Amino acid sequence: MGMRKVAVVGAGMTKFMRRAQETGRELAYQATKMALDSCEMTLDDIDSVALGTAPDAFDGVHMKGEYLSDGAGAWNKPYMRCYVGGGTGVFAAIQGWYQVASGLFDTCLVVCEEKMSSCKPHPQGAFLTIFDHTTERALKPNLIWIFALEMNRYMTVHGLEKKDIARVAVKNKRNALDHPCAQVAADITVEDVLNSEVLAWPVQRLDVSPTSDGAASMVLAAEHVAKRITDKPVWIKGVGWSLDTAYWTNRDLYYPKYVESAARMAYDMAGIKEPRKEIHVVEPYDPFDYKELHHLEGLLLCEKGEAPRLTADGVTARDGDMPVCPSGGLLGVGNPIAASGIMKLNEIFWQLRGEAGKRQVPGQPRTGLAQSWGDLMQVGCVVVLGI
Amino acid sequence: MSLIERLGTFGDAKVWYDNIPLESEYTVGIAGERFLRAIKDRGVILGTVCPACDLTYVPPSMYCERCFTQLDEWVELPAKGTVYTFTIVTRSLDGQALDEPEILAFVKLPGAHGGLVHRLTTAKPEDVEIGMEVEVVFKPQKEREGSILDIKGFKPT
């Protein structure tokens, strides 16, 4: 297709936390500075900046892209902001990718930030107004009960019990104990999840990721630049994204077909024929525990309805045959919406370079995948990384 | 003119009234905290210096937006400056005539490459001009709350 090879050469992130003292632009600066320092680059080496951040209402700043620009390193540079709700993080990396793949720029910073603590009384108030204002808003929708409808459908179609799903929360929160930036790492049991407060059946407190403040950044470079910067470039092998109907009642909730479409696009580009065998480490989007399972199925990494069994059998554990969310995921590290997608890509970057420390999965993985999901729960974004 | 006023038969159309019910609680940040505390506690204006770019940021920034150095050098700036540009506001946000016009000015502080936007108090609109010298007027210390409104505005020197 005439596209250039693009590598990830640097990565950085702030700690994810309930409430940061830093402003959003200060968070963006800290993550971006860390990413640049990690590959010994400066702003002079950067040609363009792609920023991702979710609803302006979280930070309480309209035109949040402009507000964050200087903290993202965009002073006097070509700059863009993109936004597909929860899918924004991986989507932003794709935006950065084609700025370099196209030949337009040799280097691009990808920066994602979210400061949800600004939003009062709760960020759910911002979600209230993303749904149809005439037919749905009168019912006061929030993401908890909207997702509860999807989770119930998924459980019912496949005959699952809550414990089949709770294992994901247990695994991810434990994995996060080894992540220095984690907000809600914990050593909990399936019983703890099942005994936690019911928010909207079948969703309980410990099924859900927290609201968070944080930022994460990565540095992308074209092949000839990447090889000068590092002897361990991690290549963006494939990208894919897809949107299903924005009217969420017009599609089948038990299976994320749009994630499959995005995954197929990325696999085709990466030349992956058998994803289950060729993807060695996975970071699917896990804002709720059932979403990890839902997404593993959409990503064609197992059969429909099979993901809970793989989890129960330990296949998705950090030392399992197909490690899933070795970072600790959104359930453990936290969920500053857009930044969490870059957190996942950074995890794959560190895993493939063998730099994940206590989180390192065994077997020297060569290919990994990060995926995000969101918007009106109908967008899938996929990036395949490889060495 | 709003849509409702233009459509004579709009009463027949179905409408649904609602709002986006949010408030925001903003942290002022690492640099902002020090900036506002200095105004509140000591009645002084602080800036941060980037030695590499030879720039002084007011309001202070924790980093240089041009070279991305973390800025650790803080300086106290003179609480005075020069009117760089100004405007005289005669209408409120919703279009009503103001009882008293309000003068808003962008004031460059000596030694800083930026400056502060604030009200120009105790000046008559006809006397204001670009280039005039002004100084900061702080509220009395007891009334200060750690807000940019701890500064009442600028007045001519």
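Student: Is E274(A) buried, partly exposed or exposed?

Tutor: In this predicted model, E274(A) is partly exposed, with a relative accessible area of 43%.

Student: And which residue does E274(A) form a salt bridge with?

Tutor: The partner of E274(A) is K277(A), and the closest N and O atoms of the two are 3.2 Å apart. K277(A) counts as exposed, because its relative accessibility is 60% and the exposed class begins over 50%.

Student: What about R276(A), which residue does that one form a salt bridge with?

Tutor: R276(A) pairs with D321(A), with 3.3 Å between the closest N and O atoms. R276(A) sits in helix 11 (residues 275-278) of chain A, whereas D321(A) belongs to the loop between helix 13 (307-312) and helix 14 (329-332), so that the pair links distant parts of the chain, 45 residues apart. As for accessibility, D321(A) is exposed at 59%, while R276(A) is partly exposed at 29%.

Student: How many salt bridges does the structure hold over all chains?

Tutor: Over all chains there are 36 salt bridges. Among them is the one in which the side chains of K358(A) and D178(A) meet, at 3.9 Å from N to O.

Student: Why does that pair tie together parts that are 180 residues apart in sequence?

Tutor: K358(A) lies in the loop between helix 15 (337-353) and strand 11 (367-374) of chain A, and D178(A) lies in the loop between helix 7 (162-175) and helix 8 (190-195), so the contact bridges that stretch of sequence. K358(A) counts as exposed, with 64% relative accessibility, whereas D178(A) is partly exposed, with a relative accessible area of 24%.

Student: Which residues are linked with K5(A) in a network of salt bridges?

Tutor: K5(A) is linked with E223(A) and K227(A) in such a network.

Student: Changing topic: where does E260(A) lie, and is it buried or exposed?

Tutor: E260(A) lies in helix 10 (residues 257-270) of chain A, and at 9% relative accessibility it counts as buried. Leaving aside residues up to four places away in sequence, E260(A) touches Y255(A), G298(A) and L300(A).

Student: What is phi of L300(A)?

Tutor: Phi of L300(A) is near 65°, a positive value in a residue other than glycine. L300(A) is placed in the loop between helix 12 (289-298) and helix 13 of chain A, and it is partly exposed, with a relative accessible area of 24%. M63(A), which is not a glycine, has a positive phi of about 60°; M63(A) is found in the loop between helix 2 (56-59) and helix 3 (64-68) of chain A, where it counts as exposed at 54% relative accessibility.

Student: Which residue is joined to P202(A) by a cis peptide bond?

Tutor: W201(A) is joined to P202(A) by a cis bond with omega of about 5°, and P202(A) has its place in the loop between strand 6 (198-200) and strand 7 (203-204) of chain A. In chain B, the peptide bond from V58(B) to P59(B) is cis, with omega near -10°, and P59(B) lies in the loop between strand 3 (55-57) and strand 4 (73-77).

Student: Last one, what radius of gyration does chain A have?

Tutor: Chain A has 19 Å, which agrees with the value near 21 Å that a compact globule of 387 residues would have. Its 15 helices and twelve strands belong to a chain in which 65% of the residues count as buried.

How values were computed
Residues numbered from 1 in each chain as written. Chains lettered and ligands numbered in written order. Predicted model: local features only at pLDDT ≥ 70, side-chain atom pairs only at ≥ 80, totals over all residues. Heavy atoms only, no water. Salt bridge = Lys/Arg side-chain N within 4 Å of Asp/Glu carboxyl O. Helix = DSSP H or I, 4+ residues; strand = E, 2+ residues; numbered from the N terminus. Buried < 20%, exposed > 50% of the residue type's maximum accessible area, 1.4 Å probe, protein only. Rg over C-alpha atoms; globule rule 2.2 N^0.38 Å. Contact = heavy atoms within 4.5 Å.
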